[in-house]
Amino acid sequence: MSSGETTAAAPSVEAPPVDGAQPALALRGLAKRFGLKVAVAGIHLDVPAGSFYGLLGPNGAGKTTSLSMAVGLLRPDAGAAYVLGQDVWADPVAAKRLLGVLPDGVRMFDRLTGRELLAYTGLLRGMPADEVDARARDLLDVLGLVEAGQTLVVDYSAGMRKKIGLACALLHAPRVLVLDEPFEAVDPVSAALIRDILQRYVHSGGTVIFSSHVMQVVERLCSHVAILAEGQIKAVGTLADVRGGRDLEEVFVEVVGGRTATGKELSWL
Ligand SMILES: Nc1ncnc2c1ncn2[C@@H]1O[C@H](COP(=O)(O)OP(=O)(O)OP(=O)(O)O)[C@@H](O)[C@H]1O
């Protein structure tokens, strides 16, 4: 494990080097506070191109806040984010062209049907209508949403919303995918399907960074892992480095500082 290799408050906001080895996503001193609460304390992270990168952390660690700042959805108080060298906040159009994003929560136009939402997303990205149509058909088909394509997204289950959100993120064939909790609320069959799609995407040269609480998924999929707690990166590296021959869950609990219930706390229960 390389705990401390990349920790809090990186002072530098220098752009990553412009060469063949530049990271798919580079975070430089990204920081955010809400009132007195420091949600993200100046994180520094390089996501290598072609990696399958898992961002782990307990509830409230700052995962959603970090990813939102990294993709241009939430303005940082300090620091910078680069997608394949493009500065997300200085040149958002160039960076967003390279990015597919599955945000947390329900930020989508859910009074559209699934098919309409895909059409809207594709046209907004400047794709030709026939290409949008063909890709939307493929995505709805592979994600098992053919019938749901005619249903308003507001009537979707939580898992169906994840899947249509993923379809929107994939539609323009981005180079980098940033997914906030892609497996949350998704049934095991759909989860296996999503894993297959993402693995194929990485094998064909794409980069995935996703947040998760599910250690087994991260262990199965990821080449690299970062553990975030209290707005700071506590451990980072290849999956093998971070695990150091142990279970990822064991490492996670140790790094994050978990506590166990003695049974006395809720004696009334
Ligand atoms: N809009 C907001 N206003 C105030 N506080 C916020 C806001 N968004 C996040 N926070 C706080 O910032 C901290 C980090 O939240 P964040 O949602 O990034 O955590 P997370 O790691 O994604 O958690 P979870 O795994 O539970 O989704 C938390 O303490 C949260 O309460």
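This is a predicted model: local features need pLDDT of at least 70, side-chain atom pairs count only at pLDDT 80 or more; totals for chains, interfaces and linings use all residues.
Trainee: Which residue is the bridge partner of Tyr82 in S5?

Mentor: Tyr82 has Asp87 as its bridge partner in S5. S4 and S5 form a hairpin with two residues between them, and Leu84, in the turn, has a positive phi of about 45 degrees.

Trainee: And which residue in S4 is the bridge partner of Arg28?

Mentor: For Arg28, the partner in S4 is Ala80. Strand S1 (residues 25-34) pairs with S4 in the antiparallel sense, over five bridges.

Trainee: Why is S4 described as largely enclosed by the rest of the structure?

Mentor: S4 (residues 78-83) is largely enclosed because five of its six residues are buried. A residue is buried if 20 or more other C-beta atoms, placed from the backbone, lie within 10 Å of its own; 12 or fewer make it exposed, and values in between partly exposed.

Trainee: Changing topic, is Leu55 buried or exposed?

Mentor: Leu55 is buried, because 29 other C-beta atoms lie within 10 Å. Leu55 belongs to strand S3 (residues 52-56).

Trainee: What does Leu55 touch, not counting residues up to four places away in sequence?

Mentor: Leu55 touches Lys63, Ile209, Phe210, Ser211, Ala226 and Leu228 on that basis. Contact requires C-beta atoms, placed from the backbone, within 7 Å of each other. Gly149, by contrast, lies 94 residues from Leu55 in sequence and 31 Å away in space, C-alpha to C-alpha.

Trainee: Which residues are around the ligand?

Mentor: Among them are Phe34, Lys37, Ala39, Gly57, Asn59 and Lys63. A residue is near a molecule if its C-beta atom, placed from the backbone, lies within 6 Å of it.

Trainee: Which strand and which helix each supply at least two residues of that shell?

Mentor: They are strand S2 (37-47) and helix H1 (63-70). The largest share, three residues, comes from H1.

Trainee: Lastly, what follows helix H6?

Mentor: Gly205 follows H6, and its phi is positive, near 105 degrees.

Definitions and conventions:
Residues are numbered from 1 along each chain as its sequence is written. Helices (H or I, at least four residues) and strands (E, at least two) are DSSP runs, numbered from the N terminus. Two residues are in contact if their C-beta atoms, placed from the backbone, lie within 7 Å. Two strands pair if DSSP finds at least two bridges between them.
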